[in-house]
Amino acid sequence: MLVLVAEDNELILRTIEHKLLKEGYEVVLTRNGKEAIDKIKEEDFDLIISDIMMPFASGIEILSAMKAMGKDTPIIMLSSMGQEEVVVEAFDMGASDFMVKPFSPNELLLRIKRLIK
Amino acid sequence: MALEITLHELFVAIIVVLALVVCLIVIVLLYSIHKYRSIQNNKAWTEIIERKITDTIIEGYEDAEKDAVFASYLRSDSFRNLFLTALVSSNQSFSGHAQHEVYELFHGFHLEADAWKKINRKQPYLISGGILELTSMRVDNIIPMLLQLVNHPDKQVYQEAQYALVNFKGFDGLFFLDNLETPLSDWQQIRLLKSMKDLSEDYESKIEKWLQSNNPTVVIFVLRLITQFQLLSCSKYIISLLDNASISVRKQAIISLQSLEDDTTISLLIERFQHQSVEVQIQILKVFKLSKDADTITFLKDQLFVNVDARIKILSAEVLFILGHENYLKELILDENMNPSLNLIIKHVLQEKVW
């Protein structure tokens, strides 16, 4: 199972990577939205975890790019408090799930398993 | 008397100047090397710290305790400070079990003392940093100290103390509003509102009191609080604020009334419209724009003709358009007896909306 993680906070990125590797997933990391869109173009992922606010391209732009590419990979959005409107927009654009920071990595893992199943 | 300089004196002067320049270059070089090394150190240390926190979140705290290499880094004050900052930041990113592990790291490596040291320093940025760290790590022994720091003369310190109090005590932590004379900035209001999860049982009497504050920012904050918690029972207090001396308070009162809207809100705002300043009138029209209430139509048509302010006319026309009265506006511009300036305004609105 190949998972793409797009997040500009290094600590969150590393923690998710660590957690996923431990569970046996293959992980690709990106630190900005543009890099994430490039990776999505190149490879077919089983799941994407993306922060909503990132440098160069936001999570919403990633969803929009995926739509344009005709890819319907499940995507979990990570948002901060107070981004409710963006989360609603993300769901309208096809996001599968979202988590608000601060979040529990264990809960994220449960949601990943549910989505990939 | 002419000043005479010997060749020897000139030579000595040049040597002295040259020596000073060389000294300056050496100092700048040494400082740059020091800066470079500390940047490099910080970069390397940040990686070590992030790895440690990630490992602890995933593997649990026990392994972290046995890490002698990491413990050796902790002998440096700069490293400890960086570690503390990273723990606070990770605490804002994670919850549940992961957050618990972050607390374990904080207590296990005895960082609490470092944060306390900052509280006792004189520099405001250090004190506020200490408050943030202890609050973030849920060290509730700081609460008695916060009661004093909330009156600290420095803005950075008292703002952090206010935030910490609300973080620990929720709504009850807002007691500082009773006598608050300094402005509560918009950013601080957002922070406080975000950290409020619920209200105490006697909230209404406190809210009533704070709404009578002479500090407009306190009143605005409480209005936002009412909106956030949808406190319908507080509508009666908000209505009286429509006559408040501060325009900002009146504008926020209108926004709050809209969020608690009932069947009397629109008629109340229409009734109060005439006695308000243009800024407040604009806010009322913005509310009408959002509410899309048909009861405003006659009033809006009146404003097009009666109100002298072009901004009010434009907004009134916009709301009429949104309410589906496009044809009415089109008929108006065809009327040859129409006031030319109103004609232009309506044409502008129609053009904006159609395009």
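Which residues does B:A161 touch, not counting residues up to four places away in sequence? In this predicted model, the contacts of B:A161 beyond that separation are B:I131, B:L146, B:L149, B:V150 and B:H152. B:A161 also belongs to the largest nonpolar core, which holds 106 residues. Within this core, B:A161 and B:V222 touch the most other members. The element that gives the most to the core is helix α12 of chain B, spanning residues 216-229, with eight residues.

The contact between the two chains draws 18 residues from chain A and 16 residues from chain B. On the side of chain A that touches chain B, helices α1 (10-22) and α5 (105-116) each supply at least two residues. Of the elements on this side, α1(A) gives the most, with eight residues. The composition of the side of chain A that touches chain B is six nonpolar, six polar and six charged residues.

In chain A, residue A:A36 is part of helix α2, which covers residues 33-42. A:A36 has 29 other C-beta atoms within 10 Å and is therefore buried, the cut-off being 20 or more. When residues up to four places away in sequence are not counted, A:A36 touches A:L4, A:A6, A:T30, A:S50 and A:I62. The C-alpha atoms of A:A36 and A:S58 lie 9.8 Å apart in space, and the two residues are 22 residues apart in sequence.

Notes
Residues numbered from 1 in each chain as written. Chains lettered and ligands numbered in written order. Predicted model: local features only at pLDDT ≥ 70, side-chain atom pairs only at ≥ 80, totals over all residues. Core = buried A, V, L, I, M, F, W, Y, C linked by C-beta atoms within 7 Å. Buried ≥ 20, exposed ≤ 12 C-beta atoms within 10 Å, placed from the backbone. Helix = DSSP H or I, 4+ residues; strand = E, 2+ residues; numbered from the N terminus. Contact = placed C-beta atoms within 7 Å. Nonpolar A, V, L, I, M, F, W, Y, C, P; charged D, E, K, R; others polar.
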